[in-house]
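Subject: Structure for you to look over

Hello,

Here is the structure I promised to pass on. Please open it beside this message.

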Amino acid sequence: MTWLNRLLRRRKLEDQLDRELQFHLDQYAADLIERGADPAAARRRAQIEFGGAEQIKEACRDARGTRWVEDFAQDLRYSLRAWRQNPGFATVAVLTLALGIGATTVMATLVHSVLLNPLPFRDPRRMVSVHGAEPAWNVALFGDENLSNPDFRDLQRQSRSLNITGWVFDNGTLSEPGDPEYVTEFDASANLFSVFGVPLTLGRSFQRDEDRPGGAPVAILGYTFWRKHFGGSPSVLGASLVLDTARYTVVGVAPAQFEPGGVEADVYTPLGRHTGPYLMRRGPHPVTTVARLMPGATLEQAKNELSILGRRLSAQYPDTNQDRSFIARTLAPDVTGVRPTLWLLFGAVTLVLLITCADVASLLLARAVSRGREFAMRVALGAARGRLARQCLTESAVLAVAGGILGVIVAATGIKPFVAAWPGALPRADEVSLDWRVLGFALLLSLASGLLFGLAPALRAPSAQLEQTIRGGGRAIGGSRRLHGAFVACEMALAVVLLVSAGMLGDTLLRLSNVNPGLDPANVLTARTALSPTVLDSPPKTRAMWDGLLARIRRVPGVQAAAMVDTVPMRNGNNPLGYWLSPPAPPENRMPMALATCVSPDYLKVMRIPLLHGRFFDDHDNLSSEPVIVIDEVMSGHAFGGENPVGRQLWSQMGDQPARIIGVVGHVRYYGLANDDQTRVRGQAQVRDQFYYPFAQLPDRFVRRWSQLMSIAVRAGINPLALVEPVKSELRAVSRDQVLYEVNTMQQLARGTIEPQRFLLLLFGVFAALALLLATVGNYGVLAYLTRQRVPEIGVRIALGATSGAVTRMVLRQSLAMVAIGVIAGVAGALAAARILTSAVDGMAAIEPVTVLLMITVLVASALVAGFIPARRAARIDPITALRQ
Amino acid sequence: MPPKSDLPQGTLDLLILKVAALGPVHGYAIAQRLQQVSRDVVQVPQGSLYPALHRLENRGLLAADWKQTETGREARFYRLTRKGRAHLEAETASWQRLSEAVALILRMSAGGRESRLGLEAPNGVE
């Protein structure tokens with residue numbers, strides 16, 4: 001009979017065992033009777049010589065080897081019965097655990113999906129990103145350097161170790177089919193999809209002869225764009241669309257969730273077809289370049305080859321490629337922005353889970369101690385110590401697994417809303433899903449927590465002094481008080497860490513909300529604006545179009561002022577330019593840099609940036625007048641010290657002509673409230689300079705590109721969002737194919753810059769509140785239990801004359817002693833947490849003693865409340881009843 | 001009654017297998033036989049036979065069937081499996097080797113003492 005058979009056919013085996021042993025006894029007795037014994041005496045003797053039937057049966061059962069399973073089933077049944085008897089305790093324990101495990105699972109899923117999971121491309125470990133490397137390029141300021149289009153083409157053609165592809169991020173106006181619309185566009189090399197190793201949803205990729213000047217005008221649609229505009233219909237293949245006045249034929253649909261570089265394109269067009277000047281020269285480098293290692297090639301070989309090719313290009317094109325080389329790096333998702341936040345939340349959630357465990361552990365321990373008598377009885381009846389420990393662990397494991405299952409349900413339902421609530425866009429959000437690894441983690445977590453909080457009661461399973469325990473009826477003996485105190489102290493310490501962190505975040509948010517951004521964000525509407533593609537080819541027409549548009553918008557009721565601006569503060573996009581005060585120009589990497597903003601005259605009025613000296617632009621500043629420029633107070637300080645800069649000349653990378661400084665304005669927190677824009681000058685961090693130049697004086701060659709990037713900003717006397725529709729209709733009235741997109745109020749943008757802090761505060765606040773609640777409940781439970789154990793002692797004290805006040809104080813003192821240890825440990829932990837927070841969160845205030853004190857006060861107050869109920873109960877003990885106990 | 005001693009570890013299994021080797025036999029008969037062959041020198045509480053029987057059955061050294069006894073009652077008869085026979089032979093051989101070795105050691109120490117006393121070892125020590 002196999003092991004499994006023996007396990008499943010237990011009842012039959014038991015029956016056979018009975019019959020077999022009975023046969024033996026009967027036969028022996030019969031033999032004895034045959035030899036002349038008295039029947040009753042014979043049976044008695046047979047039984048005596050046979051030995052204890054139950055012990056023998058037990059030994060036979062042990063021989064089956066299925067014992068532990070049966071014991072486990074028995075323990076399981078016993079635990080379930082126990083929880084049924086005490087449903088309140090079980091429910092509280094399971095729910096707390098479910099919350100703790102659920103929250104931890106959500107964070108683990110996010111950490112796993114966003115930070116740890118490999119990229120969703122075929123064999124992502126063999127993919128690399130290719131960058132330019134030259135001393136003049138400031139990586140810290142601009143990030144990794146992309147490639148110029150000619151360099152990209154040369155590398156693509158000549159590399160033997162890499163299959164190289166690339167794309168240029170672009171945007172344009174789609175005027176057909178349907179309403180005109182602004183779309184994001186990837187001008188992509190033909191091998192884009194094959195290098196990433198992802199199959200298209202529909203149709204085909206670009207062919208090589210389409211990826212060159214004069215190639216057939218074909219386009220591939222982005223998956224989301226296709227679903228939204230063509231209802232996911234396969235008949236889109238062959239459809240035609242008009243993008244920036246050129247007509248394209250759709251030949252394919254990109255794979256779902258294909259977001260190289262973190263952006264999903266609406267439309268792909270062949271890169272080779274585009275012949276704009278910035279694609280023909282080796283100066284600008286707009287091509288994002290990614291490659292796959294050829295079979296058998298290593299990253300090391302690829303790096304060597306790239307540097308050889310780089311040297312060859314340097315020799316060939318010394319003007320542009322003098323010091324330029326190329327590097328390859330294993331392709332990694334861009335998650336730098338969320339990494340600290342995710343780990344912070346994961347850490348916080350782990351603290352909550354630990355508190356939960358400590359809470360359940362102290363409750364279980366209290367229960368185990370009050371069951372001391374039961375356990376002692378079982379040991380007296382022959383239960384082994386290990387067996388009792390196993391039972392305790394089974395009971396806690398049942399709780400933990402129930403909590404774990406519920407927790408996974410919480411996580412599964414909670415994760416989507418949580419990701420949706422993430423401020424801004426969580427990178428790789430659509431890759432977030434519960435998978436078997438995370439589920440395994442959750443299960444392991446619940447089992448581990450079960451072991452953790454089941455261990456203490458298990459270790460307490462009595463071994464010695466059985467008689468005392470049985471008679472004593474479970475009075476607290478020896479170490480249990482210290483163990484309980486340790487649990488309370490742990491909970492308090494963890495709660496302090498979370499409370500202080502939440503307090504710091506609250507403090508920070510409050511401070512940041514009151515930061516003056518340097519402009520007045522109330523009642524300002526901003527929106528990117530795409531002019532009709534038909535006017536963009538002629539700079540004079542474009543200028544006229546802008547002037548007309550602003551004039552029309554100014555006439556909309558409710559509009560106080562309207563201006564155009566290329567880079568709106570606190571929104572994505574900036575244009576850092578080098579400047580110098582006297583020719584010749586210093587080398588680029590030694591130039592001081594300033595954020596340059598191209599505006600129309602009313603910009604100052606719209607943003608209400610204070611004018612400190614001189615004047616701002618007016619309608620007389622145009623192409624025929626002297627170039628003018630306005631700098632901010634920071635730049636004035638850096639470049640001119642204390643002198644008045646108005647009237648001085650300034651050269652910038654915008655052009656060869658110097659510009660006359662005509663005014664100084666206030667500094668704007670360009671990157672929002674959390675942090676001012678910092679730059680490193682000679683190794684020293686300092687606030688970055690800003691200057692403004694008028695769109696009316698922009699050289700013709702920039703007008704087209706600048707117009708594609710322009711936004712309008714409108715100051716309203718009313719709710720600015722009410723102006724969206726009127727402004728849109730003004731735009732349409734001029735030309736039907738002009739669109740407004742990325743509409744924001746400045747207030748939204750300003751709030752958005754501290755959204756991560758707000759989000760962290762919300763979560764830390766919730767965690768801290770939970771921690772406080774759990775710690776208070778745990779504290780109360782332990783105190784109530786310990787006080788009950790001391791009833792006879794307190795009875796004696798009262799009988800000997802202790803006043804009720806003295807008894808109350810005694811109990812509270814006991815509580816405060818536990819709390820004090822916890823608080824001291826917690827403050828140490830909080831200091832460490834504060835250091836992590838300060839380094840991980842932008843604009844984080846240093847730890848304030850006031851915050852710490854406030855939080856400790858809250859905690860101690862809650863501990864006093866928790867201790868007061870048991871203390872009052874102790875004070876009301878009737879000495880007579882207590883002594884009889 | 002002569003003083004009774006406990007069985008050395010593993011001996012009970014060997015004895016059971018030996019008894020079962022003679023043909024299918026039920027637990028009570030094994031107990032009787034053990035008592036006879038050990039001439040009451042080895043005392044086994046009768047009941048403790050059964051865990052050993054079950055253990056041997058679960059290890060596949062014995063097989064058991066329910067059969068009628070001569071008196072017409074149903075009893076569980078144990079017989080040696082092929083694996084059990086092989087095990088018995090191996091164990092018997094190793095016991096023999098062991099007991100010979102023990103006997104040798106005992107003889108040697110007896111001789112050693114005699115010679116220390118300067119006497120000739122008497123003949124026929126066995």
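Below is what was found in it, taken part by part.

First, the ground rules. This is a predicted model, in which local features need pLDDT of at least 70, side-chain atom pairs count only at pLDDT 80 or more, and totals for chains, interfaces and linings use all residues. Residues are numbered from 1 along each chain as its sequence is written, while chains are lettered from A and ligands numbered from 1 in the order in which they are written.

Chain A overall

Chain A has 30 helices and 23 strands. Helices (H or I, at least four residues) and strands (E, at least two) are DSSP runs, numbered from the N terminus. Of the 885 residues of chain A, 42% count as buried. A residue is buried if 20 or more other C-beta atoms lie within 10 Å of its own, exposed if 12 or fewer, and partly exposed in between, with C-beta atoms placed from the backbone. Take the contacts in chain A between residues at least 6 apart in sequence: 82% of them join residues at least 24 apart. Two residues are in contact if their C-beta atoms, placed from the backbone, lie within 7 Å.

One residue pair shows such a separation in sequence. A:V515 and A:L673 are 158 residues apart in sequence, yet 6.2 Å apart in space, C-alpha to C-alpha. A:V515 sits in the loop between α19 (480-513) and β11 (524-530) of chain A. A:V515 counts as partly exposed, because it has 16 C-beta neighbours inside 10 Å.

Two helices in chain A

α2(A) and α3(A) pack at an angle of about 130°, with their axes 8 Å apart. Axes are lines fitted to C-alpha atoms, for helices over the stretch in contact, and angles run from 0 to 180 degrees between N-to-C directions. The two helices, α2(A) and α3(A), are therefore oblique to each other. Angles under 35 degrees count as roughly parallel, over 145 as roughly antiparallel, 65 to 115 as roughly perpendicular and the rest as oblique. α2(A) passes α3(A) in a right-handed crossing. A crossing is left-handed if the near helix is turned anticlockwise from the far one by less than a right angle, and right-handed if clockwise. Among the residues making the contact are A:L25, A:Y28 and A:L32 of α2(A), and A:A42, A:A46 and A:F50 of α3(A). By class, this contact has 9 nonpolar, 2 polar and 2 charged residues. Ala, Val, Leu, Ile, Met, Phe, Trp, Tyr, Cys and Pro count as nonpolar, Asp, Glu, Lys and Arg as charged, and the others, Gly among them, as polar.

Where the chains meet

15 residues of chain A are in contact with 14 residues of chain B. On chain A, the elements giving two or more residues to this side are α2 (10-34), α3 (39-50) and α4 (53-63). The largest share, 6 residues, comes from α2(A). By class, the side of chain A that touches chain B has 8 nonpolar, 4 polar and 3 charged residues.

α4(A) packs with helix α3 (residues 49-58) of chain B at an angle of about 15°, their axes 8 Å apart. α4(A) and α3(B) are therefore roughly parallel to each other. Their crossing is right-handed. A:I56, A:A59, A:C60 and A:A63 in α4(A) meet B:Y50, B:P51, B:H54, B:R55 and B:N58 in α3(B). This contact has 6 nonpolar, 2 polar and 1 charged residues.

The sheet in chain B

In chain B, 3 strands form an open sheet in the order β1-β3-β2, with antiparallel pairing. Two strands pair if DSSP finds at least two bridges between them. The edge strands are β1 (25-26) and β2 (62-68) of chain B. 2 bridges join β1(B) to β3 (residues 74-80) of chain B, and B:V25 has B:Y78 as its bridge partner in β3(B). 7 bridges join β2(B) to β3(B). Among the bridge partners, B:L62 goes with B:L80 and B:A63 with B:R79. The hairpin of β2(B) and β3(B) has 5 residues between the strands, and B:G72 there takes a positive phi near 90°.

Best wishes
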